[in-house]
2 protein chains.
Amino acid sequence: MSQSTATEFDTSQTRSARGAAARANIKRAALNVLEQVGYHKMRIADVTREAGVAQGLFYHYFKDLKTLTIEVLTDFANPATDVETIEKDVPRGDWYARIYAHNHLVVSSYANRPGVMRCLLQMADEDAEFSDLLRTAYREQLMWLVKLMPRMFPGVRFKRGQALMVVYSLAGIGEGLLREYFVNNSATLHNSKLQVDDITELLTTMFYRALFLEHPPAKALKYTRNLAAMAGHDEKREL
Amino acid sequence: MSQSTATEFDTSQTRSARGAAARANIKRAALNVLEQVGYHKMRIADVTREAGVAQGLFYHYFKDLKTLTIEVLTDFANPATDVETIEKDVPRGDWYARIYAHNHLVVSSYANRPGVMRCLLQMADEDAEFSDLLRTAYREQLMWLVKLMPRMFPGVRFKRGQALMVVYSLAGIGEGLLREYFVNNSATLHNSKLQVDDITELLTTMFYRALFLEHPPAKALKYTRNLAAMAGHDEKREL
DNA sequence: ATTGATTTTGAATTCAAATTCAACTATTTT
DNA sequence: AAAATAGTTGAATTTGAATTCAAAATCAAT
């Protein structure tokens, strides 16, 4: 419910520029604390210490930690939802590039702010309203593909809701891996020292393969080009 | 740290069958509470009320909520990790059936105890040791496939760690969908009224497609047979 | 430079929930 | 059936953190 941008006034909010700055300062501090310790371990004292203000000031600007956190996380997540921006450099009809662009945004977010990404999940798990917000945004992101599926594959007579289910399953390709790689910092996965680009490429490749039953065009690939030969199902090689 | 099975004695644990029963009763109650309200909202009073005992009794058997929860969740998750059992009905070399069997277990768990599945994630997020436990088990599950990849696809020269990354990305196919479908009870997804079997089939199909660049054998399919035609990338149909 | 509004402080208070424990009950042993 | 041991109760206490608030500091306007 609370609004998205930084400087507005809403009864309990700021009356002057000074106040707005103080309020923003607390939000900045909160983002740091969230990144470091996560939502459940965060305390009001942590935030005010990080902000360098007295504990009581917190209540001048925010109702409670949850309200503050939701506001901070909403600010953080909002830019990510603008499909226009995401696809701005994508050539028309270049599906690989299009999927890549979407994935790149997510992978970057995980790479840059793993702690905050973790908090998005924590808060979605905590608060139904915030959960809806995120899930709706997520679904919107997927809808362009869902709507296209019937035209993309005119030979398929999709069942009710089936295209959506397919896209959701595809969209999951990244989640587990990114969490394991960036949030949990899995030593096993970090054995293969990968950059954001490599990971994005991997996810996009797998997505593309499941969607089109084709490996993406070789010219677009670096890290996964060698996987083009990963195909066919040789009955003779069992076990 | 704490051990897995129900009836042992470990200083603070039971000295008689009666005690063992009381202890088990509290665990049973805890599982119910976890299913209903989740870990973060669970209170000791909730558990003892559900168990029908006084609050003080809790401390006779458990150190704190976290210890109890980890024990309960470990009991819950353990049966799921036995690869032998999972694959017992799978014909040798039937990859579709093999992947299906693994997926079926996960989908069933989500369908039967969505709340507890949610708690697994909550606790993994909360406690590093438990997180390691789950993640290690998860990785072990994936390893059979990882180890097989080089023989499966002799034409591919895998880079260091690449097979693992590929398998992790595939394994993620289900996660987001299952969470959305069962934990969040997404109205949008529930539009297509699906059974456990259908969902398992969908996930398996997508997994199979990304892995082999082939649609699974039609005879194995019901819900996703129509998706076989979802293939090829027709350059002419843009937008 | 005085006034009035806004911001800031930090110690005191409140609060929800965990934790303790002395007394009580049930069961087993001798 | 008395004694010893184990299990159980629930009211009283402790804990840790949120919340309040009277007083102090800052700032903008006249």
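Predicted model: local features only at pLDDT ≥ 70, side-chain atom pairs only at ≥ 80, totals over all residues.
Residues are numbered from 1 along each chain as its sequence is written, while chains are lettered from A and ligands numbered from 1 in the order in which they are written.

Start with chain A. Its secondary structure consists of 11 helices and 0 strands. Read from the N terminus, the order is α-α-α-α-α-α-α-α-α-α-α. Helices (H or I, at least four residues) and strands (E, at least two) are DSSP runs, numbered from the N terminus. Along the principal axes, the C-alpha atoms of chain A fill a box of roughly 70 × 40 × 30 Å. Of the 239 residues in chain A, 34% are buried. Buried means that 20 or more other C-beta atoms lie within 10 Å of the residue's own; exposed means 12 or fewer, partly exposed lies in between, and C-beta atoms are placed from the backbone. Take the contacts in chain A between residues at least 6 apart in sequence: 57% of them join residues at least 24 apart. Two residues are in contact if their C-beta atoms, placed from the backbone, lie within 7 Å.

Chain A divides into domain 1 (17–72) and domain 2 (82–229). These bounds come from an automatic or database domain assignment. The C-alpha centres of the two domains of chain A lie 32 Å apart. Where they touch, 10 residues of domain 1 of chain A are in contact with 9 residues of domain 2 of chain A. On the domain 1 side, α1 and α4 (65–77) of chain A each supply at least two residues. α1(A) gives the most to that side, with 4 residues. By class, the domain 1 side has 4 nonpolar, 4 polar and 2 charged residues. Here Ala, Val, Leu, Ile, Met, Phe, Trp, Tyr, Cys and Pro count as nonpolar, Asp, Glu, Lys and Arg as charged, and the others, Gly among them, as polar.

Now the UniProt record. An unreviewed entry places the feature "domain: HTH tetR-type" at residues 20–80 of chain A. That span is 72% helix and 0% strand, and its end C-alpha atoms lie 24 Å apart. The unreviewed entry also places a "DNA-binding region" at residues 43–62 of chain A. Residues 43–62 of chain A are 65% helix and 0% strand, with the end C-alpha atoms 13 Å apart. UniProt positions are given in the numbering used here, feature names are shortened, and annotations may be inferred rather than shown by experiment.

Turn to the DNA. DNA strand C is surrounded by 22 residues, the closest being A:Gly19, A:Ala22, A:Val53, A:Gly56 and B:Gly56. A residue is near a strand if its C-beta atom, placed from the backbone, lies within 6 Å of it. α1(A) gives the most, with 3 residues. This surface divides into 8 nonpolar, 9 polar and 5 charged residues.

DNA strand D has 21 residues around it, and A:Gly56, B:Gly19, B:Ala22, B:Val53 and B:Gly56 come nearest. Two or more residues each come from α2 (44–51) of chain A and from α1 (17–37) and α3 (57–61) of chain B. The largest share of the surface near DNA strand D, 3 residues, comes from α1(B). Its residues divide into 8 nonpolar, 8 polar and 5 charged.

Next, the two chains. 57 residues of chain B are in contact with 57 residues of chain A. On the chain B side, α7 (114–126), α8 (128–152), α9 (162–183), α10 (187–190) and α11 (196–212) of chain B each give two or more residues. α9(B) gives the most, with 15 residues. The chain B side has 23 nonpolar, 19 polar and 15 charged residues.

End at one residue. A:Phe153 lies in the loop between α8 (128–152) and α9 (162–183) of chain A. A:Phe153 is buried, with 21 other C-beta atoms within 10 Å. Leaving aside neighbours within four places in sequence, A:Phe153 is in contact with B:Ala229 and B:Met230. A:Phe153 and A:Phe212 are 59 residues apart in sequence and 9.4 Å apart in space, C-alpha to C-alpha.
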